[in-house]
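Here are a few friendly notes to read with the model open beside you. Please take the points in order.

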Amino acid sequence: MTLQSLRQGKLRIWLAILAGLVFATTPTLLNAQELLGYWPLEETDEGADVLDLSGNGFHGSFEGDVDPNVEGAPGFGSGAFFDGVTGQVYIGPGDENGFGDLTEDFTVMAWINPENFGHKNRVFGSAPHGGAGFGWGTVGDQLELTTWGIKDYDQGASLEEEEWAHAAIVLDDDFEAHFYLNGEFIGSQPHPSPGNPTANDFYIGFACCDAEHFEGRIDEVALFSGQLTEEQIKNAMTLGVLNFDGNVDPWAVLDDGSLTDPTERANYIHDVLHSWVGDSNKDREFNSSDFVQVFAAGEYEDAIPSNSTWEEGDWNGDHDFDSSDFVAAFTDGGYELGMRPGMRPAAAAAVPEPASIQLISIALIGLFRFRRK
Ligand SMILES: [Ca+2]
Ligand SMILES: [Ca+2]
Ligand SMILES: [Ca+2]
Ligand SMILES: [Ca+2]
């Protein structure tokens, strides 16, 4: 990589994201906002891990009556439906993931679509025993953050049943809670003391008691240490959680000409996008649905120079879709391996050799078929 290319703006963005991922594992960041967990709920199968895409690997699992394959918030793919009685996502003990240490100075957010205001709908938090930890969600049409055993912070919000709303709550280091609805600040509630740390289990769609299970749909759940600004909350709501600092679409870097070194390009695709070379439909897997998409775009070895994007089959970044793109994807070797190791149990990532052979045959079949047209 040359210094010249380092100066290119977009590259700086991915370096920043990469740095964020590296720093996420080191404890000392002065007052910075740090993404601790991010669950986009793209799963469609109840048996699948509920992936945390923060880079920290706090994957969860579905429990009780949940439908993970429902339409999510507009623009955010799939969401999950919780039945209000038993449905929840188990995340893990607060002393293992560190969420239990959040007694002040943190931010929570999610897209929520509650269906019943007759009971509280907890979106995210810990079990309350011992009067420690926190849970947030709705009470009636209001937003509520509870530091267990300490304080119910209630904020009028005029939520609607069966309507998507983006909700965010910041608990600052003076123990005052600040509420945001659809990216706008709507009010603050003070209290003189922090919550208590907890080792209790954390959940999505649950916290507290059985009677407070979430009833309806949830999408894009995120937890940060530190206090996000209104602008950052708006960014997360409109651009996605990973872009809370106002970064452009992280996939766009693949098309701007700055990332053509094969190793650097593959590292970016693996470590920042959590995907494989070849994942044109951006679902973090490389499989036949990507072939369907790129051949449908119809630009394989066309006579038009520099007309192809990642979504259209330019996997190596030279702006055209040709055999060199298959070489790049073959070299990366992610075909039909599912999501990357670490994004789900290691057992899913095995047997590379047959998959590679399959990749070649599918590629050849695809080329043959589309050339005859
Ligand atoms: Ca989603
Ligand atoms: Ca894909
Ligand atoms: Ca072309
Ligand atoms: Ca290419």
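1. First, some housekeeping. This is a predicted model, in which local features need pLDDT of at least 70, side-chain atom pairs count only at pLDDT 80 or more, and totals for chains, interfaces and linings use all residues. Residues are numbered from 1 along each chain as its sequence is written, while chains are lettered from A and ligands numbered from 1 in the order in which they are written.

2. Let's start with the sheet. Eight strands form an open sheet with antiparallel pairing, in the order E2-E3-E6-E15-E8-E9-E10-E11. Strands E2 (49–50) and E11 (151–155) are at the edges with a single partner strand each, so one side of each has no neighbour in the sheet. Strands (E, at least two residues) and helices (H or I, at least four) are DSSP runs numbered from the N terminus, and two strands pair if DSSP finds at least two bridges between them.

3. Now look at E15 (residues 201–204).

4. Are the residues of E15 buried or exposed? Asp201 and Tyr203 point one way and Phe202 and Ile204 the other, yet all are buried. Buried means that 20 or more other C-beta atoms lie within 10 Å of the residue's own; exposed means 12 or fewer, partly exposed is in between, and C-beta atoms are placed from the backbone.

5. Asp325, Phe326, Ala328, Ala329 and Asp332 are its buried residues. They lie on the same side of H7 because they cover an arc of only 155 degrees around the axis, taken from the directions from the helix axis to the C-beta atoms. Ser323 and Thr331, on the other side, are exposed. After H7 comes Gly333, with a positive phi near 75 degrees.

6. Finally, two backbone angles to check. Most residues other than glycine have a negative phi. Lys282, not a glycine, has a positive phi of about 60 degrees; Lys282 sits in the loop between helix H5 (262–271) and helix H6 (288–297). Glu336, also not a glycine, has a positive phi of about 55 degrees and lies in the loop between H7 and helix H8 (352–371). Glu336 counts as partly exposed because it has 17 C-beta neighbours inside 10 Å.
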